[in-house]
Amino acid sequence: MSSAKSPSRKKAKAGGTPATVAAAQAEIDFTLHAYEVDPEADNYGQAAADALGVPHERLFKTLVAEVDGRLTVAVVPVSATLDLKALAAAAGGKKARMADPADAERATGYVVGGISPLGQRRRLPTVVDDSASGFATVYVSAGRRGLQIELSPDDLLRLTGAEVAPVARAG
């Protein structure tokens with residue numbers, strides 16, 4: 001379990017992921033946290049929270065769904081599950097289902113288990129669960145397994161252009 005403060009925005013730009021580059025270019029305050037990936041883990045988000053010693057409610061997973069056939073990102077706590085009906089309503093649609101993992105990877109430029117809401121290949125409509133606003137900072141994937149980025153919910157919303165809505169339900 002290791003955790004490292006973001007060295008500098010300049011370094012993040014030079015050798016980072018698209019997520020860390022986006023955060024650095026936006027000149028926001030953030031901290032990177034590296035951890036050992038458990039290859040046996042069934043739940044990447046909960047394993048990351050456990051490895052970092054972070055409450056499951058404060059570490060958010062990035063899920064890609066289809067709302068009326070349009071790819072949409074949902075950011076919900078790892079302690080919860082995505083409420084697809086609530087996501088559809090928040091995104092102005094009628095029906096939502098989880099996206100095919102290959103479609104999610106192709107659209108975001110990240111691999112499943114490391115999809116970040118930041119710095120995606122194609123900016124997708126994004127909805128962040130309203131529980132994020134209850135924390136000074138939250139953790140989301142920094143664009144690869146084994147790396148989380150800690151930032152304020154306001155900066156997360158600004159960088160993703162996200163809507164805020166209650167889209168999580170107790171897991």
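**Entry 1: Arg-58**

I began with Arg-58 and found this residue in the loop between α3 and β2. Before going further I noted that I am working with a predicted model, and I kept that in mind for every entry below.

I next looked up what Arg-58 touches and, leaving aside residues up to four places away in sequence, I listed Phe-135, Thr-137, Val-138, Tyr-139 and Glu-150. I also looked at Ala-136, which is 78 residues apart from Arg-58 along the chain, and I found 9.7 Å between the C-alpha atoms of the two.

I moved on to Leu-63, whose place is in strand β2. Residues up to four places away in sequence not being counted, Leu-63 touches Thr-72, Val-73, Ala-74, Val-76, Leu-82 and Met-98.

**Entry 2: the nonpolar cores**

I wanted to know which residues have the most contacts inside the largest nonpolar core. They are Phe-30, Val-64, Ile-149, Leu-151 and Leu-156, in a core of 29 residues. Two or more residues of this core come from each of α2 (18-25), β2 (60-67), β3 (70-77), α5 (101-108), β7 (138-144), β8 (147-151) and α6 (153-160). I also recorded a second, separate core, which has 13 residues and includes Val-76, Ala-86, Ala-165 and Val-167. As background I reminded myself that nonpolar side chains tend to be buried together in soluble globular proteins.

Staying with α2, I noted that Ala-19, Thr-20, Val-21, Ala-23 and Ala-24 are buried in this helix. After α2 comes Glu-27, and I wrote down that its phi is positive, near 55°.

**Entry 3: the largest pocket**

I looked for open space and found that the largest pocket has a volume of about 390 Å³. Its lining has 23 residues, and those closest to the centre are Tyr-44, Thr-62, Leu-63, Val-112 and Gly-113. Which element gives the most to this lining? It is β2, with five residues, while α3 (44-52), β2 and α5 each supply at least two. Sorting the lining by class, I wrote down 14 nonpolar, seven polar and two charged residues.

**Entry 4: the cavity**

I then asked how many cavities of 30 Å³ or more the structure holds. There is one, and about 60 Å³ of space lies in the largest cavity. Its lining is made of Tyr-35, Val-37, Asp-38, Ala-41, Tyr-44, Ala-47, Ala-48, Gly-113, Arg-145 and Gly-146, which I sorted into six nonpolar, two polar and two charged residues.

**Entry 5: the record**

Last, I consulted UniProt, where an unreviewed entry lists residues 39-159 as "domain: YbaK/aminoacyl-tRNA synthetase-associated". In the model, I found that this span is 26% helix and 31% strand, and that its end C-alpha atoms lie 30 Å apart.

Technical notes: Residues are numbered from 1 along each chain as its sequence is written. This is a predicted model: local features need pLDDT of at least 70, side-chain atom pairs count only at pLDDT 80 or more; totals for chains, interfaces and linings use all residues. Side-chain values use heavy atoms; hydrogens and water are left out. On a 1 Å grid over the protein atoms alone, a cavity is a set of points where a 1.4 Å probe fits but cannot get out, and a pocket is an open set with protein on both sides within 12 Å along at least five of seven lines; lining residues have an atom within 4 Å of a point. Grid points are joined across faces, edges and corners, and a volume is the space filled by probe spheres set on the points. Ala, Val, Leu, Ile, Met, Phe, Trp, Tyr, Cys and Pro count as nonpolar, Asp, Glu, Lys and Arg as charged, and the others, Gly among them, as polar. A nonpolar core is a set of buried Ala, Val, Leu, Ile, Met, Phe, Trp, Tyr and Cys residues joined through side-chain atoms within 4.5 Å. Buried means under 20% relative accessible area, exposed over 50%, partly exposed in between (1.4 Å probe, protein chains only). Helices (H or I, at least four residues) and strands (E, at least two) are DSSP runs, numbered from the N terminus. UniProt positions are given in the numbering used here, feature names are shortened, and annotations may be inferred rather than shown by experiment. Contact means heavy atoms within 4.5 Å.
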